[in-house]
Amino acid sequence: MTSTTIFDEHNDLLFLSYQINTPISFLLNTLAIYLILFKSPCEMKTYRWHLLNYQVFKIKLLFFEIYVLSIKLKT
């Protein structure tokens, strides 16, 4: 009897969820960056940069996820 976990390297459902989630997250994060930069009111001037930093970090994390996913799919 073998036990499989969600982090198993041969788990196709996990890779499928990454392939679906990554482009959707990228689009929503770029939309959030646009809204933070161009549509946020002047009262949010200092807090805007914290939000922008968070969104940029999330996009960097998505690119790392794409990189790791491409390595896993090659093997």
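A residue is called buried when its relative accessible area is under 20%, exposed when it is over 50%, and partly exposed in between (1.4 Å probe, protein chains only). By that rule, Q55 is buried, because its relative accessibility is 10%.

This is a predicted model, in which local features need pLDDT of at least 70 and side-chain atom pairs count only at pLDDT 80 or more, while totals for chains, interfaces and linings use all residues. Residues are numbered from 1 along each chain as its sequence is written, and side-chain values use heavy atoms, with hydrogens and water left out.

**The chain as a whole**

The chain has 2 helices and 0 strands. Helices (H or I, at least four residues) and strands (E, at least two) are DSSP runs, numbered from the N terminus. Helix α1 covers residues 12–39, and helix α2 covers residues 45–74. Of the 75 residues in the chain, 20% are buried. A contact means heavy atoms within 4.5 Å. Counting contacts between residues at least 6 apart in sequence, 51% join residues at least 24 apart.

Accessible areas come from the Shrake-Rupley method with a 1.4 Å probe; for residues, only the protein chains shown count as cover.

**The annotated segment**

UniProt, in an unreviewed entry, lists residues 20–38 as "transmembrane region". UniProt positions are given in the numbering used here, feature names are shortened, and annotations may be inferred rather than shown by experiment. Over residues 20–38 the model is 100% helix and 0% strand, with the end C-alpha atoms 28 Å apart.

**Between the helices**

T22 lies in helix α1 and is buried, with a relative accessible area of 8%. Beyond its neighbours within four places in sequence, T22 is in contact with L62, E65 and I66. The side chains of T22 and E65 are also joined by a polar contact of 3.0 Å. A polar contact is a pair of N or O atoms within 3.5 Å; within protein, one must be able to donate a hydrogen and the other to accept it, and residues adjacent in sequence count only if both atoms are side-chain atoms.

Q55 is in helix α2. Leaving aside neighbours within four places in sequence, Q55 is in contact with N29, A32, I33 and I36. A32 belongs to helix α1 and is partly exposed at 22% relative accessibility.

The table gives C-alpha to C-alpha distances for some pairs.

| Pair | Apart in sequence | Apart in space |
|---|---|---|
| A32 and L51 | 19 residues | 9.0 Å |
| Y34 and L52 | 18 residues | 9.4 Å |
| N21 and L62 | 41 residues | 9.6 Å |

N21 is in helix α1 and is partly exposed, with a relative accessible area of 39%.

**The nonpolar patch**

A nonpolar patch on the surface is formed by L13, L16, I20, I24, L28, L31, Y34, L35, L37, F38 and W49, which together have about 1100 Å² of accessible area. Patches are made of residues with over 30% relative accessible area and no salt bridge: like charges are joined within 9 Å, nonpolar side chains (Val, Leu, Ile, Met, Phe, Trp, Tyr) within 5 Å. A salt bridge is a side-chain nitrogen of Lys or Arg within 4 Å of a carboxyl oxygen of Asp or Glu. Helix α1 gives the most to this patch, with 10 residues. One member, L28, is exposed, with a relative accessible area of 52%. Another, Y34, is partly exposed at 40%.
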